[in-house]
Amino acid sequence: MIYDLPLVVTNGADTDPSGPLFDRLKQVLGDREVVVRRGNFDAFATERFADAVAATGRRKLLLSGLMTEGCVLQTAMSGLDRGYDVHVVVDAVAGETREIHDAAVQRLVQVGAVPVTWLSVASELQGTYENLATVEGFTGLMAEHSPTLGMYLQHYSTLQSGGAVAA
């Protein structure tokens with residue numbers, strides 16, 4: 001993980017409609033613990049999840065998930081009720097349709113959650129290209145997930161190394 005943030009991961013049981021965890025996500029998480037929920041949409045209803053979040057000592061949550069209108073909305077509202085400052089990474093969640101996702105985001109805003117994007121979060125954490133401890137990871141994220149910014153960074157890197165840039 002680039003920014004050394006605490007990460008609490010939850011999912012339904014492999015036999016639940018929300019399980020099993022996606023293979024790609026399993027690869028990224030490695031051996032990190034996944035708190036298994038049994039049927040509840042609100043992750044805070046699972047004591048192990050609530051305890052794990054509290055153990056981070058953080059009051060600001062970055063939340064993402066599979067269904068904006070389901071588990072994400074329910075968990076965000078519960079987090080707000082518990083006094084957390086909840087930020088939902090709206091481009092790292094999905095709804096059944098775009099309209100449903102947008103309606104859920106509107107509801108999240110109405111109850112006090114803050115919509116953010118993955119790029120705005122990464123940019124806030126990075127702060128500057130001069131933060132050398134994390135700049136390689138940051139630019140790697142850009143190259144992998146932001147085609148426009150990735151091309152710009154490749155172009156900039158070529159210019160910095162004295163290479164020629166094709167017109």
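Here are some worked exercises on the structure above.

The model is a predicted one, and residues are numbered from 1 along each chain as its sequence is written. Local features need pLDDT of at least 70, side-chain atom pairs count only at pLDDT 80 or more, totals for chains, interfaces and linings use all residues, and side-chain values use heavy atoms, with hydrogens and water left out.

**Exercise 1. The overall layout**

Task: Work out how many helices and strands the protein has, and which pattern they follow along the sequence.

Solution: 
- Start with the count: there are seven helices and five strands. Helices (H or I, at least four residues) and strands (E, at least two) are DSSP runs, numbered from the N terminus.
- Now read along the sequence, and you get β-α-β-α-β-α-β-α-β-α-α-α.
- For the dimensions, the C-alpha trace spans about 55 × 35 × 30 Å along its principal axes.
- Next comes burial: 31% of the 167 residues count as buried. Buried means under 20% relative accessible area, exposed over 50%, and partly exposed in between, with a 1.4 Å probe and protein chains only.
- Finally, take the contacts with a separation of 6 or more: 62% of them come from residues 24 or more positions apart. A contact means heavy atoms within 4.5 Å.

**Exercise 2. Strand pairing**

Task: Find the strand order of the open three-stranded sheet, and then look at how β1 pairs with β2.

Solution: 
- The open sheet has the order β3-β4-β5, with parallel pairing. Its edge strands are β3 and β5, each pairing on one side only. From one strand to the next, the twist averages 25 degrees. Two strands pair if DSSP finds at least two bridges between them.
- Zoom in on β3 and β4: they run parallel and are joined by four bridges. K60 stands opposite D85 in β4.
- Over to β1 (9-12) and β2 (residues 34-37): these two also pair in the parallel sense, over four bridges. G12 has R37 of β2 as its bridge partner.

**Exercise 3. Helix α3 and its surroundings**

Task: Which residues of α3 are buried, and what do they pack against?

Solution: 
- Helix α3 covers residues 68-81, and its buried residues are T68, G70, V72, L73, T75, A76, M77, S78 and G79.
- Those buried residues pack against α2 (47-55), β3 (60-63), β4 (85-89) and α4.
- For direction, α3 lies across β3 and β4, running at about 160 degrees to β4. Axes here are lines fitted to C-alpha atoms, for helices over the stretch in contact, and angles run from 0 to 180 degrees between N-to-C directions.
- After α3 comes G83, with a positive phi near 90 degrees.

**Exercise 4. The cavity**

Task: Where is the largest cavity lined, and by which residue classes?

Solution: 
- The structure holds one cavity of 30 Å³ or more. On a 1 Å grid over the protein atoms alone, a cavity is a set of points where a 1.4 Å probe fits but cannot get out, and lining residues have an atom within 4 Å of a point.
- About 30 Å³ of space lies in the largest cavity; grid points are joined across faces, edges and corners, and a volume is the space filled by probe spheres set on the points.
- The lining is V88, V90, V105, L108, A113, V114 and P115. At least two lining residues come from each of α4 (98-111) and β5 (114-116).
- By class, the lining has seven nonpolar, no polar and no charged residues. Ala, Val, Leu, Ile, Met, Phe, Trp, Tyr, Cys and Pro count as nonpolar, Asp, Glu, Lys and Arg as charged, and the others, Gly among them, as polar.

Conventions:
On a 1 Å grid over the protein atoms alone, a cavity is a set of points where a 1.4 Å probe fits but cannot get out, and a pocket is an open set with protein on both sides within 12 Å along at least five of seven lines; lining residues have an atom within 4 Å of a point.
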